[in-house]
Amino acid sequence: SPRLRDGSTIGVIQGNIAQKLGRSDDELGEQLFGHLKMHRRLADQARDSGHPLAMICWAETMVPGWLNADDYGRTFKRAVASMGIPTLAGSNYTLADQPDEDRCHNAAYFLNEKGEPQAVYFKRKLVPFGEYIPFTASLPFLKLLRSVTRDQYLPGEKPSPIHEIGGYKFALNLCVEDIHPDLAREAALSGADTLMNLTNDGWFYGTFGPRAHMQAAVWRAIEVRRPLLRVTNTGRTVAVDPLGNITLLVPQETEGTAVTRLKRITHADTGAIISPVTMSMLLGESGGSLFFLMLLTGACLLRSKSA
């Protein structure tokens with residue numbers, strides 16, 4: 001019979017950075033070096049405990065600027081290499097030779113222990129007005145408006161590749177992409193046994209928004225029976241097991257680090273990971289409608305018989 005079993009250890013960082021427009025270079029530098037200080041703490045604790053970390057995860061956009069093209073990115077990559085632990089982090093990705101707010105992606109970077117980017121995922125489900133202004137292709141004058149983040153992000157076009165580290169085969173998504181069931185199904189059907197989400201809900205500080213976002217995201221783990229790790233800037237940073245049970249890793253609206261071992265469904269005797277194909281994966285959103293229709297039909301038939 002199957003059982004839930006812990007995987008290897010992952011470190012997470014919740015920076016609790018207040019979001020605002022027009023942040024200064026000093027504020028951006030403080031964000032980066034504050035995260036690197038917590039990163040170093042996690043690396044030192046892992047070394048001292050004798051329990052190595054498979055990876056360390058930062059939240060969405062927590063590496064300031066454009067990781068592939070500026071000094072913030074170069075500093076970050078050197079620091080990751082000096083600590084020798086693979087790292088997942090969110091930052092911008094510029095398509096130009098120099099940072100360009102009109103030609104960039106909201107991206108998740110996966111770096112190896114040498115600080116070398118192994119893969120980059122571009123967010124596909126962008127937030128209208130928050131990350132881009134809709135209809136600018138057909139109505140160019142709308143380009144005079146600016147999105148909340150000041151960047152006119154371009155949507156990614158490719159699914160997340162499946163990355164393997166520490167025994168996890170994980171797929172990435174960013175922010176509100178974890179409320180889209182089709183992306184979780186796509187990842188699971190492509191071979192992912194773990195879902196990883198980087199989020200920055202700092203724009204909704206002090207509201208119910210981050211909690212509501214988390215509650216919607218939990219269903220992705222249940223639907224595909226894979227664990228979900230959400231690493232956020234201001235909360236809620238949580239691990240969700242394949243049954244939907246939530247482990248709060250860092251309290252909301254606080255700065256902190258934590259470690260977790262994600263639970264996956266395994267064979268009780270052999271320990272082999274089981275990656276089930278669920279009804280949700282097979283039928284999608286239509287499956288829920290079909291199930292409800294079957295229940296309604298059955299109820300109507302029972303009522304007609306009793307009458």
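What follows is a chat about a predicted model of one protein.

Trainee: Before we dig in, what should I know about the model?
Mentor: It's a predicted model, where local features need pLDDT of at least 70, side-chain atom pairs count only at pLDDT 80 or more, and totals for chains, interfaces and linings use all residues. Residues are numbered from 1 along each chain as its sequence is written, and side-chain values use heavy atoms, leaving out hydrogens and water.

Trainee: What's the mean pLDDT of the protein?
Mentor: The mean is 89, and 91% of the residues reach 70 or more; pLDDT is the predictor's confidence in each residue, from 0 to 100.

Trainee: OK, H1 and H2. At what angle do they pack?
Mentor: About 10°, with the axes of helix H1 (residues 25-49) and helix H2 (residues 71-83) 11 Å apart. Axes are lines fitted to C-alpha atoms, for helices over the stretch in contact, and angles run from 0 to 180 degrees between N-to-C directions. So H1 and H2 are roughly parallel to each other (under 35 degrees; over 145 is roughly antiparallel, 65 to 115 roughly perpendicular, the rest oblique).

Trainee: Which residues in H1 and H2 meet?
Mentor: Among them are Leu28, Leu32, Phe33 and Leu36 in H1, with Tyr72, Phe76 and Val80 in H2. Contact means heavy atoms within 4.5 Å.

Trainee: Switching to H4. How many residues does it have?
Mentor: Helix H4 (residues 209-224) has 16 residues, and its first and last C-alphas are 24 Å apart, close to the expected 22 Å. That expected span is 1.5 Å times one less than the number of residues.

Trainee: Which residues in H4 are buried?
Mentor: They include His213, Met214, Val218 and Arg220. Buried means under 20% relative accessible area, exposed over 50%, partly exposed in between (1.4 Å probe, protein chains only). Their cover includes helix H3 (181-189), strand E8 (194-199) and helix H5 (279-283).

Trainee: Where is the cis peptide bond?
Mentor: It runs from Gly235 to Arg236, with omega near 0°. Arg236 sits in the loop between E9 and E10.

Notes. Helices (H or I, at least four residues) and strands (E, at least two) are DSSP runs, numbered from the N terminus.
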